[in-house]
Amino acid sequence: MPETVPSESARVLVELKGIKKSFPTSQGELVACQDIDLAIEKGRSFGLVGESGSGKSTVMRVLQLLLPATAGEIWMNGVNVTKLPQRQLKRYRRNVQFVAQDPFGSLFPHYTIGKNISEPLRIHRIGGMKEQTHRALELMDAVGLSSDLFYKFPHELSGGQQQRVAIARALALSPALLVLDEAVSSLDVSIQAQILNLLQSMKERMGLTYAFISHNLAAVRLLCEDVAVMYLGKIVESAPSGVLFKRPMHPYTRSLIDAIPAFVGNQVKPLPSGPVAIGERPSATRRPSGCAYHTRCAFATDVCRTVEPEWTEPHPGHRVACHHADSFN
(Lines give C-alpha, C1' and ligand atoms only; values in the text may rest on other atoms or scores of the structure.)
Protein backbone atom coordinates (compact mmCIF):
# COMPACT_ATOMS: atom_id res chain seq x y z
CA MET A 1 0.00 0.00 0.00
CA PRO A 2 1.29 3.52 -0.77
CA GLU A 3 2.24 5.59 2.25
CA THR A 4 -0.50 8.06 3.20
CA VAL A 5 -0.36 11.10 5.44
CA PRO A 6 -2.55 14.19 5.78
CA SER A 7 -1.34 16.97 3.50
CA GLU A 8 -0.15 20.17 5.16
CA SER A 9 -2.72 21.97 3.02
CA ALA A 10 -5.94 20.57 1.61
CA ARG A 11 -5.31 22.79 -1.42
CA VAL A 12 -2.06 21.02 -2.38
CA LEU A 13 -2.45 18.52 -5.22
CA VAL A 14 1.18 17.53 -5.89
CA GLU A 15 4.31 17.88 -3.77
CA LEU A 16 7.90 17.13 -4.74
CA LYS A 17 10.22 16.71 -1.76
CA GLY A 18 14.00 16.63 -2.16
CA ILE A 19 13.82 15.29 -5.73
CA LYS A 20 17.10 14.47 -7.45
CA LYS A 21 17.61 12.90 -10.87
CA SER A 22 21.06 12.05 -12.19
CA PHE A 23 22.39 10.10 -15.15
CA PRO A 24 25.75 8.32 -15.50
CA THR A 25 27.88 9.61 -18.39
CA SER A 26 31.39 9.03 -19.68
CA GLN A 27 32.35 12.35 -18.08
CA GLY A 28 30.88 11.50 -14.69
CA GLU A 29 27.51 11.93 -13.05
CA LEU A 30 25.19 14.36 -14.80
CA VAL A 31 22.84 15.84 -12.22
CA ALA A 32 19.80 17.00 -14.18
CA CYS A 33 18.01 18.25 -11.06
CA GLN A 34 18.49 18.11 -7.31
CA ASP A 35 17.00 19.37 -4.05
CA ILE A 36 13.70 20.08 -5.80
CA ASP A 37 10.96 21.05 -3.35
CA LEU A 38 7.74 22.39 -4.81
CA ALA A 39 3.99 22.23 -4.32
CA ILE A 40 1.25 22.63 -6.92
CA GLU A 41 -2.10 23.75 -5.55
CA LYS A 42 -5.45 22.58 -6.89
CA GLY A 43 -7.08 24.87 -9.42
CA ARG A 44 -3.95 26.95 -9.99
CA SER A 45 -1.34 27.22 -12.73
CA PHE A 46 2.26 26.55 -11.71
CA GLY A 47 5.04 27.76 -13.98
CA LEU A 48 8.55 26.26 -14.04
CA VAL A 49 10.94 28.45 -16.01
CA GLY A 50 14.59 28.59 -16.96
CA GLU A 51 16.95 28.30 -19.90
CA SER A 52 17.07 25.23 -22.10
CA GLY A 53 18.96 22.53 -20.21
CA SER A 54 18.09 23.90 -16.77
CA GLY A 55 16.29 20.67 -15.78
CA LYS A 56 12.64 21.78 -16.10
CA SER A 57 11.48 18.91 -18.31
CA THR A 58 13.36 16.35 -16.23
CA VAL A 59 11.53 17.50 -13.10
CA MET A 60 8.18 17.09 -14.82
CA ARG A 61 9.09 13.69 -16.26
CA VAL A 62 9.94 12.56 -12.75
CA LEU A 63 6.62 13.99 -11.52
CA GLN A 64 4.83 11.94 -14.22
CA LEU A 65 6.78 8.83 -13.12
CA LEU A 66 8.20 8.54 -16.61
CA LEU A 67 11.66 8.68 -15.03
CA PRO A 68 12.44 7.18 -11.61
CA ALA A 69 13.78 9.69 -9.10
CA THR A 70 17.34 9.11 -7.94
CA ALA A 71 16.31 10.51 -4.55
CA GLY A 72 13.33 12.25 -2.98
CA GLU A 73 9.58 11.71 -2.86
CA ILE A 74 6.49 12.58 -4.92
CA TRP A 75 3.17 13.01 -3.15
CA MET A 76 -0.27 13.38 -4.74
CA ASN A 77 -3.34 14.14 -2.65
CA GLY A 78 -1.40 13.14 0.46
CA VAL A 79 -0.28 9.78 -0.96
CA ASN A 80 3.37 8.90 -1.56
CA VAL A 81 3.45 7.77 -5.21
CA THR A 82 7.23 7.73 -5.64
CA LYS A 83 7.53 3.97 -6.08
CA LEU A 84 4.12 2.85 -7.21
CA PRO A 85 4.00 -0.77 -8.41
CA GLN A 86 3.56 -1.26 -12.14
CA ARG A 87 -0.11 -2.25 -11.79
CA GLN A 88 -0.94 1.14 -10.22
CA LEU A 89 0.96 3.34 -12.68
CA LYS A 90 -1.91 3.33 -15.17
CA ARG A 91 -4.28 4.82 -12.59
CA TYR A 92 -1.73 7.48 -11.63
CA ARG A 93 -1.06 8.49 -15.23
CA ARG A 94 -4.78 8.79 -15.81
CA ASN A 95 -4.66 11.63 -13.27
CA VAL A 96 -1.53 13.28 -14.71
CA GLN A 97 -1.83 14.00 -18.42
CA PHE A 98 0.67 15.66 -20.76
CA VAL A 99 0.67 18.13 -23.67
CA ALA A 100 3.93 18.16 -25.64
CA GLN A 101 5.78 20.94 -27.45
CA ASP A 102 5.32 19.44 -30.93
CA PRO A 103 1.60 18.84 -31.49
CA PHE A 104 1.97 16.91 -34.76
CA GLY A 105 4.67 14.65 -33.35
CA SER A 106 2.51 13.86 -30.32
CA LEU A 107 -0.52 12.71 -32.34
CA PHE A 108 -1.02 9.37 -34.09
CA PRO A 109 -0.65 10.34 -37.78
CA HIS A 110 -2.74 7.43 -39.08
CA TYR A 111 -5.60 8.00 -36.62
CA THR A 112 -8.44 10.38 -37.34
CA ILE A 113 -8.89 13.38 -35.04
CA GLY A 114 -11.80 11.66 -33.33
CA LYS A 115 -9.81 8.49 -32.75
CA ASN A 116 -6.79 10.45 -31.47
CA ILE A 117 -8.96 12.14 -28.84
CA SER A 118 -10.85 8.99 -27.81
CA GLU A 119 -7.78 6.72 -27.68
CA PRO A 120 -7.15 7.32 -23.93
CA LEU A 121 -10.75 6.27 -23.23
CA ARG A 122 -10.19 3.03 -25.14
CA ILE A 123 -6.92 2.31 -23.33
CA HIS A 124 -8.54 2.88 -19.94
CA ARG A 125 -11.72 1.03 -20.98
CA ILE A 126 -14.05 3.92 -20.28
CA GLY A 127 -17.41 3.59 -22.04
CA GLY A 128 -18.30 1.92 -25.30
CA MET A 129 -17.68 3.24 -28.80
CA LYS A 130 -20.81 5.43 -28.72
CA GLU A 131 -19.85 7.04 -25.40
CA GLN A 132 -16.26 7.52 -26.53
CA THR A 133 -17.38 9.23 -29.73
CA HIS A 134 -19.73 11.51 -27.76
CA ARG A 135 -16.94 12.41 -25.34
CA ALA A 136 -14.54 13.19 -28.22
CA LEU A 137 -17.09 15.49 -29.85
CA GLU A 138 -17.70 17.23 -26.51
CA LEU A 139 -13.98 17.86 -26.11
CA MET A 140 -13.61 19.11 -29.68
CA ASP A 141 -16.32 21.66 -28.96
CA ALA A 142 -14.65 22.60 -25.66
CA VAL A 143 -11.31 23.37 -27.36
CA GLY A 144 -12.88 25.24 -30.28
CA LEU A 145 -12.69 22.58 -33.01
CA SER A 146 -15.50 22.02 -35.50
CA SER A 147 -17.10 18.58 -35.49
CA ASP A 148 -16.42 18.57 -39.26
CA LEU A 149 -12.81 17.74 -38.38
CA PHE A 150 -13.73 14.50 -36.59
CA TYR A 151 -12.77 12.27 -39.53
CA LYS A 152 -9.80 14.40 -40.68
CA PHE A 153 -6.19 13.37 -40.08
CA PRO A 154 -3.56 15.42 -38.18
CA HIS A 155 -1.65 16.43 -41.32
CA GLU A 156 -4.81 18.10 -42.63
CA LEU A 157 -4.92 20.52 -39.69
CA SER A 158 -2.94 23.66 -38.89
CA GLY A 159 -0.44 23.71 -36.01
CA GLY A 160 -2.90 25.53 -33.76
CA GLN A 161 -5.65 23.01 -34.54
CA GLN A 162 -3.25 20.12 -33.88
CA GLN A 163 -2.42 21.55 -30.47
CA ARG A 164 -6.13 21.89 -29.68
CA VAL A 165 -6.49 18.19 -30.53
CA ALA A 166 -3.58 17.37 -28.20
CA ILE A 167 -5.21 19.38 -25.39
CA ALA A 168 -8.57 17.68 -25.98
CA ARG A 169 -6.92 14.26 -25.84
CA ALA A 170 -5.13 15.16 -22.61
CA LEU A 171 -8.46 16.18 -21.06
CA ALA A 172 -10.31 13.04 -22.18
CA LEU A 173 -9.68 11.27 -18.87
CA SER A 174 -10.54 14.33 -16.72
CA PRO A 175 -7.05 14.43 -15.16
CA ALA A 176 -6.25 16.07 -11.84
CA LEU A 177 -3.12 17.68 -13.33
CA LEU A 178 -2.27 18.77 -16.87
CA VAL A 179 1.48 19.07 -17.61
CA LEU A 180 2.22 21.44 -20.50
CA ASP A 181 5.83 21.26 -21.71
CA GLU A 182 6.57 24.30 -23.92
CA ALA A 183 3.04 23.76 -25.23
CA VAL A 184 2.93 26.96 -27.30
CA SER A 185 6.58 27.56 -28.24
CA SER A 186 6.38 25.83 -31.65
CA LEU A 187 3.32 27.84 -32.74
CA ASP A 188 3.05 31.16 -34.54
CA VAL A 189 2.80 34.12 -32.16
CA SER A 190 -0.85 34.84 -32.99
CA ILE A 191 -1.73 31.17 -32.45
CA GLN A 192 0.20 31.15 -29.16
CA ALA A 193 -2.12 33.85 -27.86
CA GLN A 194 -5.19 31.85 -28.91
CA ILE A 195 -3.96 28.68 -27.18
CA LEU A 196 -3.02 30.58 -24.00
CA ASN A 197 -6.47 32.18 -23.93
CA LEU A 198 -8.04 28.75 -24.49
CA LEU A 199 -6.04 27.22 -21.63
CA GLN A 200 -6.97 30.05 -19.29
CA SER A 201 -10.69 29.90 -20.11
CA MET A 202 -10.77 26.10 -19.77
CA LYS A 203 -8.98 26.30 -16.44
CA GLU A 204 -11.62 28.68 -15.13
CA ARG A 205 -14.56 26.68 -16.54
CA MET A 206 -13.33 23.22 -15.54
CA GLY A 207 -11.29 23.99 -12.42
CA LEU A 208 -8.14 22.55 -14.01
CA THR A 209 -4.66 22.48 -12.47
CA TYR A 210 -1.68 23.17 -14.75
CA ALA A 211 2.06 22.62 -14.53
CA PHE A 212 3.43 24.84 -17.28
CA ILE A 213 7.07 24.38 -18.33
CA SER A 214 8.57 27.17 -20.42
CA HIS A 215 11.50 29.43 -21.13
CA ASN A 216 8.97 32.04 -22.30
CA LEU A 217 8.38 34.24 -19.26
CA ALA A 218 5.82 36.35 -21.10
CA ALA A 219 3.58 33.28 -21.52
CA VAL A 220 4.18 32.22 -17.91
CA ARG A 221 3.25 35.68 -16.69
CA LEU A 222 -0.07 35.49 -18.55
CA LEU A 223 -1.05 31.97 -17.49
CA CYS A 224 0.50 31.14 -14.11
CA GLU A 225 -0.32 32.24 -10.58
CA ASP A 226 2.79 30.61 -9.08
CA VAL A 227 6.29 30.48 -10.57
CA ALA A 228 9.58 28.75 -9.77
CA VAL A 229 12.85 29.57 -11.54
CA MET A 230 15.43 26.85 -12.24
CA TYR A 231 19.12 27.24 -12.94
CA LEU A 232 21.50 24.34 -13.57
CA GLY A 233 19.22 21.76 -11.99
CA LYS A 234 18.11 23.71 -8.92
CA ILE A 235 15.26 26.04 -8.08
CA VAL A 236 16.75 29.43 -7.20
CA GLU A 237 13.57 31.48 -6.64
CA SER A 238 9.84 30.89 -6.24
CA ALA A 239 6.93 33.24 -5.61
CA PRO A 240 3.43 34.15 -6.74
CA SER A 241 3.66 35.37 -10.33
CA GLY A 242 2.67 38.97 -9.62
CA VAL A 243 5.31 39.24 -6.89
CA LEU A 244 8.10 37.55 -8.88
CA PHE A 245 7.72 39.74 -11.95
CA LYS A 246 7.36 42.93 -9.93
CA ARG A 247 10.15 42.26 -7.45
CA PRO A 248 12.62 39.51 -8.55
CA MET A 249 15.26 38.88 -5.89
CA HIS A 250 17.69 36.55 -7.68
CA PRO A 251 20.06 37.96 -10.34
CA TYR A 252 19.24 35.10 -12.68
CA THR A 253 15.51 35.80 -12.45
CA ARG A 254 16.21 39.47 -13.10
CA SER A 255 18.20 38.62 -16.22
CA LEU A 256 15.39 36.42 -17.55
CA ILE A 257 12.78 39.12 -16.99
CA ASP A 258 14.98 41.79 -18.56
CA ALA A 259 15.23 39.62 -21.68
CA ILE A 260 11.44 39.57 -22.28
CA PRO A 261 10.83 41.40 -25.57
CA ALA A 262 8.60 44.45 -25.37
CA PHE A 263 7.95 47.65 -27.26
CA VAL A 264 8.75 51.09 -25.89
CA GLY A 265 7.08 53.63 -28.16
CA ASN A 266 7.62 52.26 -31.67
CA GLN A 267 10.88 50.44 -30.90
CA VAL A 268 11.87 47.24 -29.12
CA LYS A 269 12.98 48.12 -25.59
CA PRO A 270 16.75 48.57 -25.26
CA LEU A 271 18.88 46.07 -23.38
CA PRO A 272 19.06 46.79 -19.63
CA SER A 273 21.76 49.25 -18.65
CA GLY A 274 22.56 47.30 -15.48
CA PRO A 275 24.49 44.01 -15.17
CA VAL A 276 23.00 40.93 -16.84
CA ALA A 277 24.00 37.29 -17.10
CA ILE A 278 27.53 36.86 -18.43
CA GLY A 279 28.75 34.08 -20.72
CA GLU A 280 27.51 30.52 -21.07
CA ARG A 281 25.93 28.19 -18.55
CA PRO A 282 28.45 25.70 -17.02
CA SER A 283 28.21 21.98 -17.74
CA ALA A 284 25.90 19.99 -15.45
CA THR A 285 28.73 17.46 -15.01
CA ARG A 286 31.03 20.19 -13.66
CA ARG A 287 28.77 22.17 -11.38
CA PRO A 288 30.64 25.17 -9.90
CA SER A 289 31.25 25.33 -6.16
CA GLY A 290 29.24 27.69 -4.00
CA CYS A 291 26.40 29.35 -5.87
CA ALA A 292 26.28 27.73 -9.33
CA TYR A 293 25.29 31.06 -10.87
CA HIS A 294 28.41 32.90 -9.64
CA THR A 295 30.29 32.21 -12.91
CA ARG A 296 27.79 34.41 -14.77
CA CYS A 297 26.65 36.81 -12.07
CA ALA A 298 27.78 40.44 -12.12
CA PHE A 299 27.09 40.71 -8.37
CA ALA A 300 29.14 37.66 -7.30
CA THR A 301 31.53 38.00 -4.35
CA ASP A 302 33.92 35.58 -2.64
CA VAL A 303 31.16 34.05 -0.52
CA CYS A 304 29.19 33.26 -3.68
CA ARG A 305 32.16 31.32 -5.07
CA THR A 306 32.66 29.17 -1.98
CA VAL A 307 29.40 28.84 -0.02
CA GLU A 308 26.14 27.51 -1.45
CA PRO A 309 23.32 29.91 -0.51
CA GLU A 310 20.51 28.69 1.72
CA TRP A 311 16.85 29.32 1.13
CA THR A 312 15.43 32.45 2.72
CA GLU A 313 11.89 33.86 2.71
CA PRO A 314 12.22 37.67 2.66
CA HIS A 315 8.45 38.00 2.18
CA PRO A 316 5.63 35.50 2.82
CA GLY A 317 5.50 33.02 -0.07
CA HIS A 318 8.59 34.52 -1.76
CA ARG A 319 11.63 32.22 -1.41
CA VAL A 320 15.09 32.77 -2.85
CA ALA A 321 18.56 31.17 -2.69
CA CYS A 322 21.00 34.08 -3.02
CA HIS A 323 23.59 35.55 -0.66
CA HIS A 324 22.73 39.08 -1.80
CA ALA A 325 18.94 38.87 -2.06
CA ASP A 326 18.61 41.72 0.44
CA SER A 327 20.37 43.99 -2.05
CA PHE A 328 17.48 43.54 -4.46
CA ASN A 329 14.74 43.82 -1.84
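## Val14 and the β1-β4 pairing

Val14 stands opposite Met76 in β4. The two strands concerned, β1 (residues 12-25) and β4 (residues 71-76), pair in the antiparallel sense over five bridges. Strands are DSSP runs (E, at least two residues), numbered from the N terminus, and two of them pair if DSSP finds at least two bridges between them.

This is a predicted model, in which local features need pLDDT of at least 70 and side-chain atom pairs count only at pLDDT 80 or more, while totals for chains, interfaces and linings use all residues. Residues are numbered from 1 along each chain as its sequence is written, and side-chain values use heavy atoms, with hydrogens and water left out.

## The four-stranded sheet

Strands β1 and β4 belong to an open sheet of four strands with the order β2-β1-β4-β5 and antiparallel pairing. At its edges are β2 (28-41) and β5 (79-80), each of which pairs on one side only.

Strand β9 (residues 226-231) is mostly covered, with six of its six residues buried (under 20% relative accessible area, 1.4 Å probe, protein chains only). Asp226, Ala228 and Met230 point one way from β9, and Val227, Val229 and Tyr231 point the other way.

With strand β3 (residues 45-49), β9 pairs in the parallel sense over four bridges; Gly47 has Val227 in β9 as its bridge partner. Strand β10 (residues 234-240) runs antiparallel to β9 and is joined to it by six bridges. Here Asp226 has Pro240 in β10 as its bridge partner.

β9 and β10 form a hairpin with two residues between them. In the turn, Leu232 has a positive phi of about 50°.

How values were computed
Buried means under 20% relative accessible area, exposed over 50%, partly exposed in between (1.4 Å probe, protein chains only).
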